[in-house]
Amino acid sequence: MGSHQDSVIEGGKYDGMLGVALPLLALEALKREGVTLPFGVEVVAFGDEEGVRFPTTLVGSKALAGNVTPDQLEAQDAEGISLREALIAFGCTPEDIPATAREPANTLGFLEVHIEQGPILEQRDHAVGIVTALTGIERHKVTLSGKAGHAGTTPMNMRHDALVGAAEMVLAIDSVLQNTDELVGVVGRLDVHPNAVNVIPAQVTFTVELRSPESATRQYGREAVTAALETVAKRRGLTINIENTYSADAVACADWMMTALEQACTQIGQPAERMFSGAGHDGLAMQALTDIGMLFVRCKEGLSHHPDEAITAEDGEAATRVVMAFLQQLPRP
Ligand SMILES: [Zn+2]
């Protein structure tokens with residue numbers, strides 16, 4: 001069991017650390033009650049989940065899964081210090097990383113407790129939720145070319161304004177997202193050229209990110225977005241180029257772990273609804289080693305990566321009791 005101990009700049013107290021501290025409380029309480037488990041439990045605090053300092057992510061969980069490659073250690077921070085150098089300066093021995101890898105045959109599963117980082121549990125008035133999958137993500141760069149021109153002398157009906165086209169496309173993408181279940185996305189970045197007060201924008205590039213726990217849904221979203229963008233481009237006489245820049249498949253939580261979490265919730269009188277995670281977590285790396293399961297805990301106003309991030313003591317206790325019940329009913333390895 002575990003989560004990450006690193007945070008983002010100006011982050012909160014619970015993203016990550018809840019999943020490190022809470023299992024310790026659960027194990028302590030089980031010990032106090034005299035419960036012995038038929039398997040060993042390790043609680044792990046990963047580093048570098050957020051990828052704040054280095055252009056890497058999930059290095060801690062990748063190490064446990066045996067998937068840290070030497071080139072990942074050469075990633076550099078903004079000051080040109082490599083991850084390898086930073087680890088040595090911190091007192092670590094990078095050569096020992098391969099030895100931290102666990103044996104798949106000796107590993108039953110990985111459970112992570114994490115704040116939801118979203119508003120769904122609060123809306124449902126549930127303390128905890130059972131995660132079905134960690135979302136798949138794809139990103140695209142859209143380049144839209146029109147024609148620059150004098151903003152005073154070119155008649156409106158003769159313009160090929162790339163920014164007006166882009167504006168319409170952002171709305172078209174939003175409409176696809178609003179109307180598709182289990183699909184979320186964003187146009188998060190937009191660059192206008194020449195970006196001048198009196199020139200018709202000749203070129204706009206913008207990003208589209210799509211997330212879904214279901215590959216088929218993400219594919220549907222991609223096709224619907226592409227079709228909508230091409231329609232707008234054609235109508236406005238703009239040239240469009242869509243380039244896929246990143247994609248990572250969704251990772252499903254193990255059925256047996258979802259069922260065990262559900263039974264644990266029922267046993268302690270908590271509602272047990274399933275939900276997907278729109279954010280990535282250490283489970284993305286851990287699934288290469290073993291089955292994964294995740295328990296979300298309600299957080300105040302769904303707020304995360306913010307100093308006001310908060311949970312209640314009652315929800316923390318409910319989650320601890322779920323973990324205790326979960327551990328006691330797992331199948332004997
Ligand atoms: Zn986190």
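This is a predicted model: local features need pLDDT of at least 70, side-chain atom pairs count only at pLDDT 80 or more; totals for chains, interfaces and linings use all residues.
Visitor: In which sense do strand S3 (residues 110-115) and S12 pair, and over how many bridges?

Guide: Two strands are said to pair if DSSP finds at least two bridges between them, and here strand S3 (residues 110-115) and S12 pair in the parallel sense over 6 bridges. Within S12, Val297 is the bridge partner of Ile115. Residues are numbered from 1 along each chain as its sequence is written, and side-chain values use heavy atoms, with hydrogens and water left out.

Visitor: Which strand pairs with S12 in the antiparallel sense?

Guide: That is strand S4 (residues 128-134), which pairs with S12 over 3 bridges, and in S12 the bridge partner of Gly129 is Phe296.

Visitor: How many residues of strand S12 (residues 292-297) are buried?

Guide: Buried means under 20% relative accessible area, exposed means over 50%, and partly exposed lies in between, using a 1.4 Å probe and protein chains only. In strand S12, 6 of the 6 residues are buried, so the strand is largely enclosed by the rest of the structure. In a regular strand the side chains alternate between the two faces of the sheet. Both faces of S12 are covered, with Ile292, Met294 and Phe296 buried on one side and Gly293, Leu295 and Val297 buried on the other.

Visitor: What span should helix H6 (residues 215-235) have?

Guide: The expected span of a helix is 1.5 Å times one less than its number of residues. Because H6 has 21 residues, it should span 30 Å, and its end C-alpha atoms are 30 Å apart, which agrees. Seen down the axis of H6, the buried residues fall within an arc of 165°, so they line one face of the helix; the arc is that of the directions from the helix axis to the C-beta atoms.

Visitor: Which residues of H6 are buried, and what do they pack against?

Guide: Among the buried residues of H6 are Thr217, Gly221, Val225 and Leu229. The buried residues of H6 pack against strand S5 (136-145), helix H5 (162-178), strand S8 (203-212) and strand S9 (239-248), where contact means heavy atoms within 4.5 Å. On the face turned away from the buried side, H6 carries the exposed residues Ala216 and Lys234, and the helix is followed by Gly237, whose phi is positive, near 65°.

Visitor: How many salt bridges does the structure hold?

Guide: A salt bridge is a side-chain nitrogen of Lys or Arg within 4 Å of a carboxyl oxygen of Asp or Glu, and the structure holds 16 salt bridges. In one of them the side chains of Arg53 and Asp77 meet at 2.9 Å, N to O. Arg53 lies in the loop between strand S2 (44-46) and helix H2 (59-64), and Asp77 in the loop between H2 and helix H3 (83-89), so the pair ties together parts that are 24 residues apart in sequence.

Visitor: Is Asp77 buried or exposed?

Guide: Asp77 counts as buried because its relative accessibility is 10%, whereas Arg53, at 45%, counts as partly exposed.

Conventions
Helices (H or I, at least four residues) and strands (E, at least two) are DSSP runs, numbered from the N terminus.
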